[in-house]
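Please look through the structure below with its helix packing and its charged side chains in mind.

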Amino acid sequence: DWWYLRTKYQGICPPVARNETHFDPGAKYHIPGNTPYIRYFASFILQFQFHKALCEAANHTGPLHTCDIYQSKEAGRQLSEALRAGSSQRWQDILQQLTGTDRMDAAALLEYFSPVTQWLKQQNSRMNETLGWPDFEWRPPIPEGYPAGIDKIADEAMAKAFLTEYNITSEAVWNAYTEASWAYNVNITDHNKQIMLEKNLEMSNHTLHYGLQARQYDSTDFQDPSIQRILKKLSDIERAALSEEE
């Protein structure tokens with residue numbers, strides 16, 4: 001689940017419920033563009049390997065994060081030779097020539113960020129911080145002054161399931177009323193009239209119950225126009241909203 005992972009690893013979440021029908025991952029160009037993301041993973045490791053090797057070529061002393069290869073002719077020469085090779089050699093061979101190993105190694109990256117990593121560990125321990133975001137289903141509260149309706153349900157899949165439930169239950173309720181109405185009209189008695197009125201009230205309660213629920217949906221961005229149309233129709237509860245006395 002896209003948003004589950006976004007919350008788990010990045011601590012961010014959508015303001016309203018989302019699902020696969022919204023295709024939120026597609027907002028990231030690499031997804032619809034079919035661009036492999038592994039290049040970023042590899043490049044971050046390699047850039048720090050390069051940086052450490054070039055710092056050694058520049059005769060840097062001290063922590064790695066304080067190194068600056070600016071104006072180092074030897075570091076520039078080695079970097080130029082590595083880049084000049086282009087695709088004429090295996091990347092492992094070029095890496096071997098520059099760093100002394102033909103394998104990717106994250107040790108330089110960890111060394112570079114070691115000071116801040118140690119500081120964060122100390123601060124988290126001292127402040128008794130909870131690491132990560134364990135409440136993966138958390139949703140932000142609606143700020144005061146936000147436009148009306150911001151808290152409505154914008155999940156089209158939920159709306160579809162809701163309408164399916166409505167269709168199933170309404171069929172039973174309406175059939176019961178139709179049968180009671182027929183029984184009264186072919187045999188007009190006080191008993192049959194009472195049953196018809198009870199079924200009519202059940203039908204009104206059913207309309208009111210699902211009509212109020214339909215009003216909780218914001219169908220503005222729904223892809224299926226039929227869902228929008230039915231929700232709008234259901235929201236118009238008319239006489240069902242009257243009190244029992246009325």
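Predicted model: local features only at pLDDT ≥ 70, side-chain atom pairs only at ≥ 80, totals over all residues.

Residues are numbered from 1 along each chain as its sequence is written, and side-chain values use heavy atoms, with hydrogens and water left out.

Helix α2 (residues 38-57) and helix α4 (residues 91-99) have axes that come within 9 Å and cross at roughly 35 degrees. Helices here are DSSP runs (H or I, at least four residues), numbered from the N terminus; axes are lines fitted to C-alpha atoms over the stretch in contact, with angles from 0 to 180 degrees between N-to-C directions. On the α2 side the contact (heavy atoms within 4.5 Å) involves Leu-46, Gln-49, Phe-50, Ala-53 and Leu-54, and on the α4 side Leu-95, Leu-98 and Thr-99.

The structure holds 5 salt bridges, each a side-chain nitrogen of Lys or Arg within 4 Å of a carboxyl oxygen of Asp or Glu. One of them joins Glu-111 and Lys-52 at 2.9 Å, N to O. This pair links distant parts of the chain, with Glu-111 in helix α5 (residues 107-112) and Lys-52 in helix α2, 59 residues apart. Glu-111 is partly exposed at 35% relative accessibility, as is Lys-52 at 30%; partly exposed lies between buried (under 20% relative accessible area) and exposed (over 50%), with a 1.4 Å probe and protein chains only.

Glu-74 and Arg-77 also form a salt bridge, their closest N and O atoms being 2.5 Å apart. Both lie in helix α3 (residues 73-84), 3 residues apart, so about one helical turn separates them. Together with Glu-81, they are linked in a network of salt bridges.

Definitions and conventions
Helix = DSSP H or I, 4+ residues; strand = E, 2+ residues; numbered from the N terminus.
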